[in-house]
Structures are given as C-alpha cells and as structure tokens.
Amino acid sequence: MTEDRIGLLGMGAYLPSRVVTNSDWAQWVDTTDEWITTRTGIAERRFAADDESTADLAVQAARAALDDAGIDAETLDEIIVATDTPEVYTPDTSAFVQHRLGARQIPAYDLGGSGCAGFLQALDVARSRARETERRVLVIGVEVLSRVMSLTDRTTCVLFGDGAGAVVIGRGAQAAEILVAVTGTDGSRADILGIETGGTRRPFSPVESPTGRLEITMRGQQVFKEAVRRMSAAAREAVERAGLTLDDVDLLVPHQANLRIIDAVGKALAFPAEKVCVNVRDVGNTGSASVPIALAQAHEQGRIQPGNLVLLTSFGAGFHWGAVLIRF
Ligand code: ACO
C-alpha cells in the first residue's frame with residue numbers, strides 16, 4: 001500500500017541573509033514599528049542582495065528540497081516554478097532553474113500571476129502529473145517582491161519580503177501523501193490586488209510607471225476580507241472532500257499575509273492557535289514562497305510528525321485560492 005503514495009518526498013526553503021526591520025522602514029517612509037506590528041504582526045523581512053535574483057533563490061530552495069528527499073536533480077521529470085516576480089519577462093524562471101540545477105532537458109514551466117496562491121495551484125498540477133504520468137516533479141514558490149513594491153506607498157511596502165520554498169512530488173513509500181487539493185478563481189476581483197503596468201493593457205512606460213518600477217497595488221481592506229473568506233472556505237472544502245473534519249487536522253499552514261488575516265482564518269475555522277503555523281513575524285509576506293517556506297520550517301522544527309495531517313491554505317491576486325491536505 002505505502003508504495004502507492006503520491007506526495008511530498010522532500011522540502012526545503014531559502015531566505016536571503018539581508019534582514020530589513022520595521023525600524024529600517026521607519027527611516028525610509030512615514031511609518032512606525034508600532035503601526036506595522038499592530039496591523040500586520042510583521043517585525044522583519046528578508047530582502048535579496050543586489051546581486052541575487054529570482055532564479056538564485058529558487059535554486060537554493062530546490063537544492064535544499066532535493067537534499068531532503070535524498071535525490072539528485074538528474075532524476076527529476078518536470079519543474080514548475082510559481083512566481084509573480086520572474087527572473088526576466090521571457091523566458092520563464094523555470095528555464096534558468098532547470099539549467100542551473102543540472103536537470104535533464106525535461107519540461108519546465110512557470111505558473112505566474114496567481115500571486116500568493118501560485119504554489120498551491122502548482123502543487124495541484126504536480127500531484128496530477130505525478131499520478132497520471134509517474135513523473136517526479138519539483139515545485140518551487142519564489143518571490144523577490146522587494147523589486148516590485150512601491151517604495152513610497154507605506155501601506156503596501158512594509159508587508160513584503162523575499163524568499164523561496166520548494167518540494168519534490170513523486171511516488172515513494174516515505175511520501176507525505178497529498179489527499180486532496182482544492183483550487184479556485186474569482187476573476188471579478190482581479191482589480192483589487194496586482195501589478196497593473198507592464199502588460200499589453202498598460203505597457204511599461206515613463207507615463208504609466210513614473211517611478212521606473214513595476215509596483216504592486218492593493219485595496220487592503222477588500223483583500224483582507226476576501227482572503228479570510230476564501231482561505232477558510234477552501235480549508236473547509238479540503239477536509240470535507242477527504243471525509244475528515246477540521247478536528248482531525250494537526251497543523252494548519254496558512255499563507256503568511258499578515259497576522260490579523262491568519263488569526264481571522266483560525267477563528268473562522270474555530271482552530272486552536274497552537275495548531276496554526278505562523279512565521280510572518282520574521283519573514284513578512286513572501287507571496288507564492290510563503291506556504292512552502294512555512295511548511296519547510298515547521299518540518300525542520302519537528303512540528304510535523306509521521307501520521308500528522310497538515311492543511312495548507314492560501315489566496316492571491318486574481319482572486320485565486322487553494323487548500324491542500326497532506327498526510328505525513
Ligand atoms: N504606517 C503608518 N500609517 C499607515 C501605514 C503605515 N505603514 N499605512 C497606512 N497607514 C495609515 C493610513 O494612511 C490611514 O491613516 P488615516 O486613518 O489617517 O487615513 C490608517 O493608517 C489606516 O489605513 P488603512 O489602509 O485603513 O489600514 P488598515 O487598517 O486597513 O491596514 C493593511 C492596512 C495592514 C494593509 C490591511 O488592510 C491589510 O492587512 N490588508 C490585507 C493586506 C494583505 O495582506 N495583502 C496581501 C498582499 S498579497 C497576498 O498576500 C496575496
């Protein structure tokens with residue numbers, strides 16, 4: 001029976017070494033440590049070094065996941081990179097990652113534009129691919145959000161950080177089985193969170209992008225409400241589809257957008273705080289890297305034991321959302 005499991009064979013994360021504290025932000029924009037801490041629960045976040053870009057972070061996390069799985073990059077059959085902050089516009093980040101890892105000339109592609117939900121969407125795809133084609137799939141969530149945040153919009157810039165997380169999905173006796181994956185989209189809310197310039201509707205230009213940067217725009221309070229509603233609903237749907245209840249779940253790993261959203265999701269699900277994984281204080285919102293980083297850290301800290309049921313849930317620009325239930 002155990003040989004038939006399709007799931008996580010290994011996981012890993014990478015955070016750049018540069019720490020940016022709330023006090024740093026207080027020197028750059030009109031804000032305070034107290035405001036950021038109270039509204040978001042974030043104390044610090046990591047920024048990529050000037051000479052680090054998306055593929056660098058992705059490769060570091062991928063190597064950690066491959067090491068954890070005890071497998072070589074040459075045995076991978078497919079690579080999916082979830083990111084909204086790609087290495088270059090075209091080709092996609094996965095091409096750089098495939099080459100840098102020394103993987104064979106396997107299919108590699110990005111899942112971009114889903115904001116923070118990208119990793120769970122990629123996990124859903126990887127699970128199907130592993131099931132139907134017996135492929136061993138590397139899934140990476142990576143962001144360098146420090147390069148797309150507005151440096152003047154104090155409400156958004158303080159939220160984000162850089163990082164990468166990765167998992168290897170495949171068949172194995174030791175695999176942490178993916179029981180259910182739920183994903184969904186409501187494009188009617190596409191206007192409340194995103195990067196609006198740089199596409200064909202509003203090409204990048206000095207007129208459209210006066211700061212010379214691509215910048216995240218967000219209607220914070222609407223995002224907050226949608227995030228809580230969608231993450232809670234997806235989490236509920238995942239356990240119901242598995243024929244289980246929320247009481248059966250040992251650890252909830254929600255997207256680390258901010259502490260108030262995480263608390264509200266926990267409350268909506270009547271989930272005890274000690275069973276909720278929180279690292280937003282130290283890393284901020286790392287977009288599609290958020291869930292795999294939190295998962296890898298929880299695993300490394302021994303918070304996930306064999307037999308545990310772990311529920312991942314996320315939401316992102318689009319709006320997209322997802323929940324994935326895993327039996328370790
Ligand atoms: N420092 C000090 N004051 C600030 C700051 C700041 N960094 N930012 C905003 N303010 C001020 C505003 O100017 C406003 O002042 P005013 O009352 O004098 O007009 C006041 O604080 C309240 O502003 P709001 O925007 O109403 O603040 P709110 O309580 O909504 O908190 C926040 C803002 C933290 C962004 C909240 O809306 C939120 O958490 N939204 C969800 C954001 C999020 O997680 N987005 C996800 C990003 S992407 C993703 O994860 C998919």
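Start at Glu-134. This residue sits in the loop between α5 (118-133) and β6. Most residues other than glycine have a negative phi, and most peptide bonds are trans. Helices here are DSSP runs of H or I with at least four residues, strands are runs of E with at least two, and both are numbered from the N terminus.

Some ground rules. This is a predicted model, where local features need pLDDT of at least 70 and side-chain atom pairs count only at pLDDT 80 or more, while totals for chains, interfaces and linings use all residues. Residues are numbered from 1 along each chain as its sequence is written, and side-chain values use heavy atoms, with hydrogens and water left out.

Next, the cis peptide bonds. One joins Thr-90 and Pro-91, with omega about 5°. Pro-91 lies in the loop between β4 (78-82) and α4 (93-101). Another joins Gly-318 and Phe-319, with omega about -15°. Phe-319 is in the loop between β12 and β13.

Those strands, β12 (residues 309-316) and β13 (residues 320-327), run antiparallel and are joined by 8 bridges. Leu-311 has Leu-325 in β13 as its bridge partner. Two strands count as paired if DSSP finds at least two bridges between them.

Now the whole sheet. It is open, with 9 strands in the order β5-β4-β6-β7-β1-β8-β13-β12-β11, and the pairing is mixed. Which strands stand at the edges? β5 (108-111) and β11 (251-254) do; each has a single partner strand, so one side of each is left without a neighbour in the sheet. On average, neighbouring strands are turned by 25° against each other, direction ignored.

Helix α3 (residues 54-69) lies across β1, β6 (137-144) and β7 (162-171), at about 130° to β1. Axes are lines fitted to C-alpha atoms, for helices over the stretch in contact, and angles run from 0 to 180 degrees between N-to-C directions.

On to domains. The assignment gives domain 1 (6-173) and domain 2 (179-327); the bounds come from an automatic or database domain assignment. Their centres, taken over C-alpha atoms, are 14 Å apart. Across the boundary, 52 residues of domain 1 are in contact with 47 residues of domain 2, contact meaning heavy atoms within 4.5 Å.

Last, the second largest pocket. A pocket is an open set of points on a 1 Å grid over the protein atoms alone, where a 1.4 Å probe fits, with protein on both sides within 12 Å along at least five of seven lines; lining residues have an atom within 4 Å of a point. Its lining draws at least three residues from each of domain 1 and domain 2. β1 (6-14) and α10 (290-300) each supply at least two. Among the lining residues are Tyr-14, Asp-68, His-299 and Glu-300.
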